Amino acid sequence: MPAEQKTEARLTETGSEATPRLERKHGALCLGKRTYPVWTPAMVEARERFRQTGCRWYLLYDKLYADVNLAEAWKQVEENGGAAGVSGETIAKYRDGLEQRLRSLATKLKNQSYGPHPIRRAYIPKGNGKLRPLGIPEVEDRIVQAALVRLIEPIFEAKFLGVSYGFRPERSAHNALAEMVAAMEAGYTHIVDADITDCFGSIPWTPLMEEVAREISDPKILGLVKKFLKAEVMEGMHRWQPGEGTPQGAVVSPLLANIYLHRFDEEVTRAGYRMVRYADDFVILCKTRQEAEEGKEKARQTLADMGLQLHPEKTRIVDATRERFQFLGYEFWPTGRAPRISSKQKLKDQIRAKTPRNPGQSLRAVIVSLNFTLRGWYGYFRHSHWNAFRDVDGFVRRRLRSILRKFQKRRGTARRRDNLRYPNRIFEEAGLFSMSQQHRDEAGPRGLIPFVAVKA
């Protein structure tokens, strides 16, 4: 097959797999598990027609503040939880008088008197010991952003390619990892392991709005997106307006990032490369070192044209048959995979926080709390090598043995003789979740649980 035909085949293949069909469930239209209450059958039909003809969407704004859309947006915000914004208003506080609040919000949106509040700047720790800036909008702003996403997301889902997995309906990090592993098994073992430097904070506004305007011409929707981009940021008493980027932490930011990076997906895929992207992390999978070098340069040039750049320290080329590399929390090596060290360290920090030597509650209560954390972490990393969980299980039991020592007024932390004094069966009988045992039950003594690919 000629190179041009291969490229078009790749674009057609990735595009056709990317978009789940809009289906009606319980009276609402859905993409997978996400519901879009204001999307009518006529809009679904127009979606397919517009995708083929290049027409743009004009009359959308009135659907933004529909009662059913704001109600569904509130449910999403309530389920996601999160800290308070600048005003200190929590989700629980916003819930008081909710019906009246949503009516008032709909009125403000209808007469266009609504405007986003300043975003509270906070920081969360990164795996390398540094801090990642996070923007925390007000609860009301999160509701409007969630309503906006429910309105416009299906429009852009119709064009997104299958190489993009982050923050999309019916797609997950596990799906991205499944595609990467399948490519490696097919001989694409020379990998460009890449990261975009400060992607969310560096996206330039003008070309981003041009990408949004390729599909939407409703000036009120475009104006609202601009307002969210230009929302002021507050850190302590310092207040400023950013000149680029979309706040990491805002509900609408992942969609805007995917909209902007769609051009990157197209350019790299059109050049004939096999890529898997999850938000600002991506891998380009090649069969030779030279192809990987060329793929890396193609990615660098494309991002530079878009005002973005590859992270100089986090981007490298590896031979997966000889070297280790990391992607989406996992570390891969030629004969296996496991949670990366920083992922385990974060988990151990959470375990320490839940297991002080004087917890102020019974051992069984401590274990119930621990199990919630352990099961969630295992759910993501269950696809690891069979022996990846033994050290974590041992660490948990040592922490619990230290608590039992304290209960019996013994000094110090757990020691070797405590393995006999407090054997593992005590914790099993108390209901402690064992990752190693769960993995054996699912995969056998030395089995490996495969990643799950996107449903066809």
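Glu170 counts as partly exposed, at 37% relative accessibility. Partly exposed here falls between buried, under 20% relative accessible area, and exposed, over 50% (1.4 Å probe, protein chains only). The residue sits in the loop between helix 7 (139-157) and helix 8 (173-185). Most residues other than glycine have a negative phi.

This is a predicted model, in which local features need pLDDT of at least 70, side-chain atom pairs count only at pLDDT 80 or more, and totals for chains, interfaces and linings use all residues. Residues are numbered from 1 along each chain as its sequence is written, and side-chain values use heavy atoms, leaving out hydrogens and water.

Leu328 also has a positive phi, near 55°, and is a residue other than glycine. Its loop joins strand 12 and strand 13 (330-333). Leu328 is buried, with a relative accessible area of 13%.

Arg322 lies in the loop between strand 11 (316-319) and strand 12 (325-327). This residue is exposed, at a relative accessible area of 72%. From its C-alpha atom to that of Gly201 is 35 Å, and the two residues are 121 apart along the chain.

Now the whole chain. The protein has 19 helices and 14 strands. Both are DSSP runs numbered from the N terminus: helices are H or I with at least four residues, strands E with at least two. The radius of gyration is 25 Å, close to the 23 Å that the globule rule gives for 456 residues, so the protein is as compact as a globular protein of that length. That radius is taken over C-alpha atoms, and the rule is 2.2 Å times the number of residues to the power 0.38. Along the principal axes, the C-alpha atoms fill a box of roughly 75 × 65 × 45 Å.

Buried residues make up 49% of the 456. Of the contacts (heavy atoms within 4.5 Å) with a separation of 6 or more, 72% are between residues 24 or more positions apart.

Charge comes next. There are 77 positive and 55 negative side chains, and the centres of the two sets lie 9 Å apart. Lys and Arg count as positive, Asp and Glu as negative; His and the chain ends are not counted. Each charge is placed at NZ of Lys, CZ of Arg, CG of Asp or CD of Glu.

Last, the cysteines. Cys286 is buried, with a relative accessible area of 0%, whereas Cys55 is partly exposed at 36%. A disulfide is a pair of cysteine sulfur atoms within 2.5 Å. By this rule the protein has 0 disulfides.
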